[in-house]
Every structure is written in structure tokens, then in C-alpha cells.
Amino acid sequence: MGGVVLSSTIQNYAYCSLAPRSDAKISVTREDQDVRYGPETLQDLKGGGEVEFVRAVAKRFGADQGFDASLRYDALPGTGLGSSSALCVSLIGAFREWKGNSMTDYDIANLAYDVERKDVGVPGGMQDQYASTFGGFNLIEFKKEANIVNALRIKRETLNELEYNSLLCFTGTTRRSGGILQRQIESYEHRSPEIMQALQRMKELTLQMKDFLLTGNLRDFAEMLNAEWDIKKKLDQAISTEDVEKLLHAAKVNGAIGGKLLGAGGGGFLFLYCDSGKRVHVEKAVENLGAKTFPVRFDEDGLQTWRSPK
């Protein structure tokens with residue numbers, strides 16, 4: 001039936017910098033954790049997580065020279081913000097800049113998908129790689145013949161109002177989404193009637209939400225968040241938790257119109273849209289339950305690469 005996703009990017013970034021070496025050794029440094037792997041040859045470089053991404057992307061580009069890779073996240077992996085895909089996209093962007101490869105945004109997003117899902121073996125969809133590559137607000141259509149990114153021309157005043165009333169709420173737990181996503185993939189492959197019906201309804205809601213954004217109808221947009229969340233929870237019993245539902249209830253009692261967990265579910269960040277003048281009340285309510293809140297700042301740009309002065 002094909003899929004459709006409404007996505008946006010926020011001002012949380014994944015960074016990758018590459019510095020060529022004079023030998024064949026490779027090192028990988030997490031700047032935000034002061035952790036370093038290597039230097040070793042590509043074949044001998046050990047480490048999971050980010051190191052696997054570096055190895056996979058280097059192989060895809062046929063790297064025949066050593067380099068030092070420095071990585072940094074603004075958001076923790078496992079929080080539903082697509083940080084792993086953003087890192088993969090930034091790695092590809094850095095290698096493209098270094099090697100001078102000619103690649104379109106579609107090439108980059110598709111390669112990021114292949115690296116993350118096929119080479120490294122992380123289950124999931126394609127929306128995060130496309131969102132990080134293209135940036136901004138997009139309606140992304142996933143079809144057999146091609147994936148299409150439709151940039152949305154949302155009025156500036158609508159975006160201002162959306163930012164002003166929106167809130168990110170960290171539930172306090174990260175999660176590994178692989179199990180949740182793998183079960184959903186299996187249910188889809190077996191054409192489970194309940195899953196197929198839920199996915200079709202979520203697709204319809206997505207298109208409605210797109211229309212509400214374009215027409216500046218943010219209250220109905222927020223109400224659709226609730227409807228989408230109620231349906232999404234039917235896809236897997238691990239998508240929501242008791243703590244998440246407590247946070248959502250407290251937020252709505254204190255002025256949130258709509259909200260849902262971002263990403264696959266199980267933990268990470270809630271996105272909340274608050275009634276005018278109620279955001280501070282919502283912040284206090286969820287923080288009293290132990291959550292942390294952050295403002296939402298949208299970003300219209302996707303992947304950016306540059307060369308540092310020597």
C-alpha cells in the first residue's frame with residue numbers, strides 16, 4: 001500500500017569530522033564521551049555502535065587511506081530523535097566531501113539506509129535517513145518505484161506558533177527500538193489484519209495532519225497527535241509504558257492539547273503541543289514526575305558539509 005511520513009528536523013545535530021592520516025590506521029573518537037577507539041587498520045578496528053557505522057561507510061567509499069574520525073551528538077541515541085541515522089548521514093557527508101563523490105540528496109539518504117539497515121543490521125524504516133538528509137518539514141512518500149520527498153511550504157507565522165506552544169519531554173529512559181520494530185515488520189510481512197488496518201488509518205491521519213499544518217490549523221493538528229498515538233500503541237504492546245502514560249495524562253490535565261512518543265516507542269522523548277499560554281504549566285507538571293523538558297526549535301536545513309581551515 002506504500003507508506004507516508006510527515007517529518008521535521010529540529011536543532012539537534014550529529015557531527016562527524018574526518019582528518020586524513022599518513023598511514024593506513026583509523027581512529028574513532030566520541031568527543032562528547034571522551035572515548036577513543038584505535039588507531040587500527042579498518043579490518044582490525046574493534047568497537048560497536050558508532051565504530052560499526054564508521055567501518056561500514058568507509059568500506060562503502062572504498063577508503064584506502066587512514067583517517068581520524070571525531071563524532072559528536074547533541075541528542076543521545078535511543079531517544080527517538082533519529083540520532084543514529086543523523087550520524088550515519090553525517091558520516092556519508094564527510095566522506096563525500098573528502099573523496100569528492102557526486103551524490104544527490106536521494107543518493108545520500110538511500111546509502112544511509114543501506115548502511116544502517118543492511119550493513120550494520122539495525123532494524124527500522126527509511127524516514128530518519130531522509131529527514132536528516134533533506135531537512136525541514138516534508139511529506140515523504142515511500143513507494144515501490146521511488147521514494148519522494150515533498151517539501152512543505154508552511155507559513156512562517158504557523159511555524160512560530162508551533163514552536164511557541166511545542167515542548168519536548170524526555171521520559172528519562174532510552175530504549176533499543178530494534179525489538180519493537182522487528183515485531184512490527186514481522187506483523188506487516190504476515191499481513192496481520194489488525195496491523196494493516198492500523199497502518200492504513202495512520203496513513204490517513206498523516207495526510208490530514210499535513211493539511212492542518214499547511215492551513216495553520218494547529219489545534220486540529222494537535223488533536224491528530226492523540227489519534228495517531230492511540231492507533232500506534234496497537235502496533236506493539238511495548239510501544240507505550242505506564243510511566244509514559246502518566247506523563248501524557250499529567251501534560252493533558254495541565255494544558256497539553258496533544259502528544260505522542262517520538263520514534264519507535266518504549267521511551268525517549270514525548271512531543272507535546274500545548275494550549276496557548278499553558279506551556280509553562282505543562283512543563284511544571286511533567287517535571288514534577290521526574291521528566292526533563294526542552295523547547296522545540298525547528299531547522300530548515302538538512303545535511304551540511306564544509307572543510308575546516310588548515
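**Terms and their grounds**

Colleague: Why does Asp-34 count as exposed?

Modeller: Asp-34 has a relative accessibility of 73%. Exposed means over 50% relative accessible area, buried means under 20%, and partly exposed lies in between (1.4 Å probe, protein chains only). At 73%, Asp-34 therefore falls in the exposed class. This is a predicted model, in which local features need pLDDT of at least 70 and side-chain atom pairs count only at pLDDT 80 or more, whereas totals for chains, interfaces and linings use all residues. Residues are numbered from 1 along each chain as its sequence is written, and side-chain values use heavy atoms, with hydrogens and water left out.

Colleague: Where does Asp-34 lie, and what is its phi?

Modeller: Asp-34 is in the loop between β4 (26-30) and β5. Its phi is positive, at about 55°, although Asp-34 is not a glycine. Strands here are DSSP runs of E with at least two residues, helices are runs of H or I with at least four, and both are numbered from the N terminus. Within β5 (residues 35-40) sits Pro-39, and the peptide bond from Gly-38 to Pro-39 is cis, with omega near 5°.

Colleague: How do you know that Thr-79 is buried?

Modeller: The relative accessible area of Thr-79 is 2%, so this residue is buried. Thr-79 belongs to the loop between β6 (67-73) and α2 (83-99). Its C-alpha atom is separated by 9.4 Å from that of Leu-270, 191 residues apart along the chain.

Colleague: What makes β10 largely enclosed by the rest of the structure?

Modeller: Six of the six residues of β10 are buried, so this strand is largely enclosed.

Colleague: Which residues touch the most other members of the largest nonpolar core?

Modeller: They are Phe-137, Leu-162, Leu-270 and Leu-272, in a core of 45 residues. A nonpolar core is a set of buried Ala, Val, Leu, Ile, Met, Phe, Trp, Tyr and Cys residues joined through side-chain atoms within 4.5 Å. Apart from this core lies another, of 33 residues, among them Leu-18, Phe-67, Leu-71 and Ala-112.

Colleague: With what is Leu-272 in contact, leaving aside its neighbours within four places in sequence?

Modeller: Contact means heavy atoms within 4.5 Å. The partners of Leu-272 include Leu-167, Cys-169, Leu-248, Gly-258 and Val-282.
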